[in-house]
Amino acid sequence: MKQIFSPRFTRLMLLGAFLLVFLYFLYLVRIILFPFILAIILAYVLNPLVSSLEQFKIPRVLAISIVYLT
């Protein structure tokens, strides 16, 4: 039996189809993802401040609370 498509071409087509389905899924949940992305950015930006407060022997939970309340 003769192969119509090579295995590499088939893999690329499957990868492309998966990518399109994944992008469509992200499009559908874009409103829900925004708060999570914002939270990740805030945590990334505020982490150095919390770490510097920890160096003064302040517990991490208290340091986080101080940063968020200010």
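Hi everyone, let me start with a definition: rings of Phe, Tyr and Trp (its six-membered ring) pair if their centres lie within 6.5 Å, and planes under 30 degrees apart count as stacked, over 60 as edge-to-face and the rest as tilted. By that rule, the structure holds one aromatic pair. The partners are Phe 18 and Phe 22, and they are stacked, at 6.4 Å centre to centre with 20° between the planes.

A quick word on provenance. This is a predicted model, where local features need pLDDT of at least 70 and side-chain atom pairs count only at pLDDT 80 or more, while totals for chains, interfaces and linings use all residues. Residues are numbered from 1 along each chain as its sequence is written, and side-chain values use heavy atoms, leaving out hydrogens and water.

Back to our pair. Both Phe 18 and Phe 22 sit in helix H1 (residues 7-28), four residues apart, which is about one turn of the helix. Helices here are DSSP runs of H or I with at least four residues, strands are runs of E with at least two, and numbering goes from the N terminus. Phe 18 is exposed at 56%, and Phe 22 counts as partly exposed at 39%.

Now for helix H2, which covers residues 30-54. The expected span of a helix is 1.5 Å times one less than its number of residues.

Lys 57 has a positive phi of about 65° although it is not a glycine, and it is exposed, with a relative accessible area of 76%.

Finally, the whole chain. There are three helices and zero strands. The C-alpha atoms fill a box of roughly 75 × 25 × 15 Å along the principal axes. Buried residues make up 7% of the 70 residues.

Thanks, and I'm happy to chat!

Notes: Buried means under 20% relative accessible area, exposed over 50%, partly exposed in between (1.4 Å probe, protein chains only).
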